[in-house]
Protein chains: 2
Amino acid sequence: MQLIDGKALSQTIKEEIAQEVEQIKKNGGKVPHLAAVLIGEDPASEVYVRNKVKSCEMVGFNSTLVRRDSSTTEEELLQIVEDLNNNDDIDGFIVQLPLPKHINEEKVTLAIDPRKDVDGFHPVNFGRMAQGLPCYLPATPFGILQMLERYNIEVSGKECVVLGRSNIVGTPASILLSRKAQPGNATVTLCHSRTKDLPKHTRNADILIVSLGIPEFVTADMVKEGAVVIDVGINRVEDASRKRGYRLAGDVKFDEVAPKCSYITPVPGGVGPMTVTSLIMNTLKSSKKEVYSS
Amino acid sequence: MQLIDGKALSQTIKEEIAQEVEQIKKNGGKVPHLAAVLIGEDPASEVYVRNKVKSCEMVGFNSTLVRRDSSTTEEELLQIVEDLNNNDDIDGFIVQLPLPKHINEEKVTLAIDPRKDVDGFHPVNFGRMAQGLPCYLPATPFGILQMLERYNIEVSGKECVVLGRSNIVGTPASILLSRKAQPGNATVTLCHSRTKDLPKHTRNADILIVSLGIPEFVTADMVKEGAVVIDVGINRVEDASRKRGYRLAGDVKFDEVAPKCSYITPVPGGVGPMTVTSLIMNTLKSSKKEVYSS
């Protein structure tokens, strides 16, 4: 069994990007610039956004944090989005979700210029992804693809089972892995809450991607010997023995599943760190106009 | 075994729409208007476009056919698209594919205003479909959904296998059937040229959708007893006994597969007629501003 070390891989990729940015600066090119918008005081969101800004700085990007309290109106947020759309120095930006209840997330997502939508959530980018056109890939599936590629895990012709059909992980991951692309060309089955006999499907998987948000849902009897297991879940599980009263657990029962796997991602330190890296990669692509030429 | 009669169903839906259009006219509302653009002299395309225009007339729509010969430049076609985008009376239009080699199909598709993209090929509509937002569904998958719905075929929780991952049939059908929607909620496996042990997958299918373009590829031994089989293929097979020298065959070996099925679509007269109906339905939706409010 080999661990897919998302933390180390993320570090490697960021160092590669840092070198490229250094070169861009030497040549007097445009320094990539990512902006993040944070509305309200959700503690998890604060951590995520702080990590994103920190990662930008690590690789030499310029970064901007736009912070507003939870009383911000939808109209005010749409104006912030509009300003970022029109700011030529900003290559990409994200609006951290979830937003306060009184703001329509869909409306905000649709307002972001697709050319700056480095989260890959706008329908234009989602559609381009599904049609195999150049686009910004959503962060988590992009991170998963990077892991498979960098660990030289063969995907083509493999049986891939995805658990969970969210718009940000399961659905795009299932689409990407079945595309005629590298990595891709897998035979993908997308499973969800309505799937009957889930273990029958998971036991058939050469590559199993789990994104359900249910702690330790996948047990050893559900996994084929030699499978590659990608665990997207990050759940807090009560644990009185820890000082903070909880521990972090994935959607996979790691201790019993890991020995059966050829590769497996840990939680934390697996998929999580890769998502920020994806965002950085998308911003670099935007800055280099690799997706949209104008 | 019950035949899914696409020809009859298409007729029924068109009659329903004709009644609705009649009502709209009585009330002095806007008469839906579909335009079709045909470039060049491809005989199959001429038949398709003629059918589309004829169907429009049948249901009481206004229709416009824009015909140009194969010497039309890309620039000229883009101007036609632009004019149709700006013509307030046109609710939707299609540019019949394939286009002559010197014209970039992707560029033309992207130039169509998504609000008038009743073929559902623009990335915005494709992305909205995948994200579960209101959109124009691509004609063939939309026709398949209509068939399943109108024949009261349970999809939720079923094992659905899609053969072929084209952007116009297999990929969108696989996405649609796995969505949390009605019809939907199936466990979908998307198979293609790189899939290993295809029969293992097809034999597991409660619902099998075949869109490979390979005549009579699916044989009885590949199908589960009681399965629902949707055959999207329309292939010409040499047949000296026919006056015209060929017959039309689906991707499924109908004679031997049909007896095992609970439902099956014939070729011709199955999925084919439903695609035009989808286009008509999308145009009506556009006219009623059901997808985009402005």
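In which loop of chain A does A:Asp197 lie? A:Asp197 is placed in the loop between E6 and helix H8 (198-202) of chain A, where helices (H or I, at least four residues) and strands (E, at least two) are DSSP runs numbered from the N terminus. Although it is not a glycine, A:Asp197 has a positive phi of about 50 degrees. Most residues other than glycine have a negative phi, and most peptide bonds are trans.

The structure is a predicted model, in which local features need pLDDT of at least 70 and side-chain atom pairs count only at pLDDT 80 or more, whereas totals for chains, interfaces and linings use all residues. Residues are numbered from 1 along each chain as its sequence is written, and chains are lettered from A and ligands numbered from 1 in the order in which they are written.

Chain A is divided into domain 1 (28-113) and domain 2 (139-272), the bounds being taken from an automatic or database domain assignment. The centres of domain 1 and domain 2 of chain A, taken over C-alpha atoms, are separated by 29 Å.

An open sheet of three strands in chain A has the order E3-E2-E4, with parallel pairing; two strands pair if DSSP finds at least two bridges between them. Strand E3 (62-68) and strand E4 (92-95) of chain A are the edge strands, each pairing on one side only. Between strand E2 (residues 33-39) of chain A and E3(A), the parallel pairing extends over seven bridges, and A:His33 has A:Asn62 in E3(A) as its bridge partner. On average, and with direction ignored, neighbouring strands of the sheet E3-E2-E4 are turned by 15 degrees against each other. Axes here are lines fitted to C-alpha atoms, for helices over the stretch in contact, and angles run from 0 to 180 degrees between N-to-C directions. Helix H3 (residues 74-86) of chain A lies across E2, E3 and E4 of chain A and runs at about 180 degrees to E2(A). The loop between E4 and helix H4 (105-111) of chain A contains A:Pro98, and the peptide bond from A:Leu97 to A:Pro98 is cis, with omega near 0 degrees. In chain B, a cis peptide bond likewise joins B:Leu97 and B:Pro98, with omega about 0 degrees, and B:Pro98 is found in the loop between strand E4 (92-95) and helix H4 (105-111) of chain B.

Two copies of a chain are related by a rotation about an axis and a shift along it. For this model, a rotation of 180 degrees with 0.0 Å of shift along its axis superposes chain A on chain B (RMSD 0.0 Å), the superposition being by least squares on the C-alpha atoms of residues with pLDDT of at least 70 in both copies. The two copies are therefore related as by a two-fold rotation axis. Of the residues of chain A, A:Gly127 comes closest to the rotation axis, at 1.8 Å (C-alpha).

In the interface, 25 residues of chain A are in contact with 25 residues of chain B, contact meaning that the C-beta atoms of two residues, placed from the backbone, lie within 7 Å. Helix H5 (123-131), helix H7 (170-178) and strand E6 (187-191) of chain A each supply at least two residues of the side of chain A that touches chain B, and H5(A) gives the most, with eight residues. By class, this side of chain A has nine nonpolar, 12 polar and four charged residues, where Ala, Val, Leu, Ile, Met, Phe, Trp, Tyr, Cys and Pro count as nonpolar, Asp, Glu, Lys and Arg as charged, and the others, Gly among them, as polar. The same surface serves both copies, 100% of the contact residues of chain A recurring in chain B.

An open sheet of 12 strands, with mixed pairing, has the order E1(A)-E11(A)-E8(A)-E7(A)-E5(A)-E6(A)-E6(B)-E5(B)-E7(B)-E8(B)-E11(B)-E1(B). Strand E1 (2-3) of chain A and strand E1 (2-3) of chain B stand at the edges with a single partner strand each, so one side of each is left without a neighbour in the sheet. H7(A) packs on this sheet, touching strand E5 (159-163), E6 and strand E7 (207-210) of chain A together with E6 of chain B, and its direction makes about 165 degrees with that of E6(A). E6(A) and strand E6 (residues 187-191) of chain B run antiparallel and are joined by three bridges, with B:Leu190 in E6(B) as the bridge partner of A:Val188.
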